[in-house]
Amino acid sequence: MIRCLPALRALSIAAAIAGASLPLTSGAVENWTSLRGPGEQGVIDDDTVLPTEWGEDKNVAWKIAIDGKAWSTPVIWGNQIWVTDADEGGSRLSALCFDKETGKELHKVKLHAVAAPQYCHPFNSYGSPSPAIEEGRIYMTFGSAWTGCVDTTSAKVLWERTDLKVNHFRGPGSSVYMHGDKLFLNYDGSDGQFVVALDKETGETIWQTDRTTDYNDVDDKGVVEREGDWRKAYSTPRIVATEDGSEELVSIGSMAVYGYDPETGRELWRFDAPDMHSTGSMPVVGDGLVYVAPNELFALKPGGKGVLDDSAIVWRYKKVSPRRSTPLLVEDRLYVIDQGGILACLDAKTGEMIFIERVGTTYSASPIYADGKIFLFDEEGKGTVIEAGREFKLVAENHLDGGFMASPAVSGNALFLRTKTHLYKIAK
């Protein structure tokens, strides 16, 4: 079902397209538009200078309690910072907006009441998918429960969808990806798996494409023999440019990585990885390669056709695999941290290990780069800052109460950190 309020659709298509992507420019980044920020890589390659030291009594500009349980990353546009939220039982879905400078609450939007929430594993949350924001609009998803768009000035719902359904089996996780006039979303559940493109102006479906992987889990009588864990996934898709100048949507599902035509949804290629499932890592791109991190990390060439064989794989690395967090590409180095707190720095072209180091306990949040430094956040609340280079050089270790599941956001020279219980602005 699509519910759309025509009177609130005053935002012009031209303005929407203009705000869909934010190139990196000189001066500090002001708008953190999605899960991985401008450029979708977690890399801030400009004049931003972030604090390297903080704590409950140091460099905290403001701190706000968030009552619900949600692991989504904050997004920022102008003076507004938005977070999605859900109660622990998943029956109430909402969005909160705060003044970026003062922390004052500007909007509290009740989005949807869920009569019968699906099961969600205690490790996960009903509000784990991250939103995307542009001038005048924020796009949010809670997986099968609700997907919609809110006017950031009036805080009114412009359109909503409650008909995109799969059984997430352990709760939702895939975030919104915004590109041009479209929103792309992965739905990989135990009972159905597909990718969908929505018109971001109206919420209407442009195309929907089912996954084609054979999960090899159905017996001769049509009974599924393995648990739904082998069909579900939590990754977020992204657009990749190929050598011939075309674009394709790279999407990680369970047991396969796919390339789709972003205009039609036609499957262009698929690489099967039978041991891969439940990944939450987002694809990373650079130097003509796509880096994906399911049960192992590998680099592949986009632009293929049909079912790809191992010739599409440039290199593999199995020792450290960031199934929850997304790798970080800085120059010719790829930094990956696994859920056990092991950080590896790899040569991005060859996959050769440059160094490996334990930096924390357990990790779900993705690292970011700014001002020659890498920032990492673990589930116990530790924030580690290291120099970006070919040697491990520790800059600082910090701590906030609550622990990190959400990835960080940046605006100006400030970090915006969401712990399990609070939202912080960290600034000198």
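**Pockets, cores and a hairpin**

The lining of the second largest pocket divides into nine nonpolar, three polar and seven charged residues. Here Ala, Val, Leu, Ile, Met, Phe, Trp, Tyr, Cys and Pro count as nonpolar, Asp, Glu, Lys and Arg as charged, and the others, Gly among them, as polar. The model is predicted: local features need pLDDT of at least 70 and side-chain atom pairs pLDDT 80 or more, while totals for chains, interfaces and linings use all residues. Residues are numbered from 1 along each chain as its sequence is written, and side-chain values use heavy atoms, without hydrogens and water.

A pocket is an open set of points on a 1 Å grid over the protein atoms alone, where a 1.4 Å probe fits, with protein on both sides within 12 Å along at least five of seven lines. Lining residues have an atom within 4 Å of a point. The second largest pocket holds about 370 Å³ of space, a volume being the space filled by probe spheres set on the points, which are joined across faces, edges and corners. Its lining has 19 residues, and Asp-85, Arg-92, Ser-94, Leu-96 and Lys-108 lie nearest the centre. Strands are DSSP runs (E, at least two residues), numbered from the N terminus. β3 (60-65), β5 (80-86), β6 (92-99) and β7 (105-113) each supply at least two lining residues. β7 gives the most, with six.

The largest pocket holds about 720 Å³. It is lined by 31 residues, with Phe-123, Asn-124, Tyr-234, Gly-280 and Arg-324 nearest its centre. This lining divides into eight nonpolar, 17 polar and six charged residues.

A nonpolar core is a set of buried Ala, Val, Leu, Ile, Met, Phe, Trp, Tyr and Cys residues joined through side-chain atoms within 4.5 Å. Buried means under 20% relative accessible area (1.4 Å probe, protein chains only). The largest core has 31 residues, of which Trp-54, Phe-98, Phe-375, Leu-415 and Leu-417 touch the most other members. β34 (414-418) is among the elements that give two or more residues to this core. β34 gives the most, with four residues. Contact means heavy atoms within 4.5 Å. Leaving aside neighbours within four places in sequence, Trp-54 is in contact with residues including Phe-375, Val-385, Leu-415 and Leu-417.

Val-385 has Ala-396 in β32 as its bridge partner. Strands β31 (382-387) and β32 (394-399) pair in the antiparallel sense over five bridges; pairing requires at least two DSSP bridges. A hairpin joins β31 to β32 through six residues.

Conventions:
Buried means under 20% relative accessible area, exposed over 50%, partly exposed in between (1.4 Å probe, protein chains only).
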